[in-house]
Amino acid sequence: MWLATTLIVFYLARYISKYIQHPIVNPLLICLLVIIPLLVWLNVPYETYFEQNKWLNALLEPAVVALAFPLYEQLSQIRQKWKVIFTACLAGSVLSMLTGAGIALSLGADPQLTASILPKSVTTPIAMAISEQIGGVPAIAAIMVIIAGLFGAVLGYPLFRLVGIEAPIAKGLTMGTVSHALGTAKAAEENYQDGAFSSLALVICGVMTSILAPAIFPLILKLFS
């Protein structure tokens with residue numbers, strides 16, 4: 001029942017977003033605003049909802065792998081601009097971890113919660129693994145990933161238009177670096193090249209964050225202790 005409910009709500013949300021065409025009318029955001037109150041109202045445990053939607057969850061990893069196709073089509077540009085791409089992804093990964101963890105600690109979060117927030121800008125499976133490795137709670141990490149992705153998907157392109165950013169590589173790398181798969185999906189809707197560079201940043205930043213997080217997290221804790 002909940003699998004059917006999720007699919008119906010999502011496709012209705014997609015229809016509404018195409019009809020209204022406003023950044024705030026994001027399909028995922030609409031789904032959250034409908035399904036979460038419904039689950040609370042009907043007193044349905046999260047475990048029950050997750051179990052009935054396990055097939056949708058299983059599609060997440062092959063969906064990320066499928067992003068390799070637009071990467072292949074942009075291979076010539078990637079070869080030409082690999083220094084820019086690597087530098088942008090490295091800077092974005094480090095800053096995403098520093099800002100998230102730094103803000104959390106400055107507001108009084110304990111180390112466990114901070115470790116859950118630190119990998120917020122990479123895709124869910126990677127963020128959960130990183131969080132568990134450095135002493136966080138994977139479930140909280142997954143929630144933070146969704147929040148970060150939603151902010152990027154809703155606010156990313158309005159901000160690009162506001163400051164006059166038009167280059168596909170700039171928009172794509174930004175969306176993939178800070179908003180992972182949700183930002184990449186939005187980038188792919190806006191422009192094919194944006195989506196290709198965003199999917200590239202999604203992969204690179206996931207790898208970089210996995211490697212750097214165990215070293216950066218103790219430094220952040222010392223800095224704010």
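Residues are numbered from 1 along each chain as its sequence is written, and side-chain values use heavy atoms, with hydrogens and water left out. Because the model is predicted, local features need pLDDT of at least 70 and side-chain atom pairs count only at pLDDT 80 or more, while totals for chains, interfaces and linings use all residues.

**Helices α1 and α2**

Helices here are DSSP runs (H or I, at least four residues), numbered from the N terminus. Two packed helices are described by the angle between their axes and the distance between the axes. Helix α1 covers residues 2-20 and helix α2 residues 27-42; their axes come within 8 Å and cross at roughly 145 degrees. Such axes are lines fitted to C-alpha atoms over the stretch in contact, and the angles run from 0 to 180 degrees between N-to-C directions. The crossing of α1 and α2 is right-handed, a term used when the near helix is turned clockwise from the far one by less than a right angle.

Contact means heavy atoms within 4.5 Å. On the α1 side, the residues that meet α2 include W2, V9, F10 and I16. On the α2 side, they include P27, C31, V34 and L42. The residues of this contact divide into 13 nonpolar, 3 polar and 1 charged. In this count Ala, Val, Leu, Ile, Met, Phe, Trp, Tyr, Cys and Pro are nonpolar, Asp, Glu, Lys and Arg are charged, and the others, Gly among them, are polar.

V9 lies in α1 and touches C31, V34 and I35, leaving out residues up to four places away in sequence.

**Buried and exposed residues**

A residue is buried under 20% relative accessible area, exposed over 50%, and partly exposed in between (1.4 Å probe, protein chains only). The table applies these terms to several residues.

| Residue | Relative accessible area | Class |
|---|---|---|
| V9 | 12% | buried |
| Y11 | 56% | exposed |
| C31 | 7% | buried |
| N43 | 67% | exposed |
| C89 | 0% | buried |
| S131 | 0% | buried |

N43 sits in the loop between α2 and α3 (46-52). N43 has a positive phi of about 55 degrees although it is not a glycine.

The structure holds 0 disulfides, a disulfide being a pair of cysteine sulfur atoms within 2.5 Å. For C89, the nearest cysteine sulfur is that of C205, 4.0 Å away.

**The largest nonpolar core**

A nonpolar core is a set of buried Ala, Val, Leu, Ile, Met, Phe, Trp, Tyr and Cys residues joined through side-chain atoms within 4.5 Å. The largest one has 14 residues, of which M97, L118, I130, I134, A213, F217 and I220 touch the most other members. Two or more residues come from each of α8 (82-106), α10 (124-133) and α13 (192-224). The largest share, 4 residues, belongs to α13.

Beyond its neighbours within four places in sequence, A213 is in contact with M97, L118, I130, I134 and P218. S131 is found in α10. Not counting residues up to four places away, S131 touches A115, S116, P119, G136, V137, P138 and A141.
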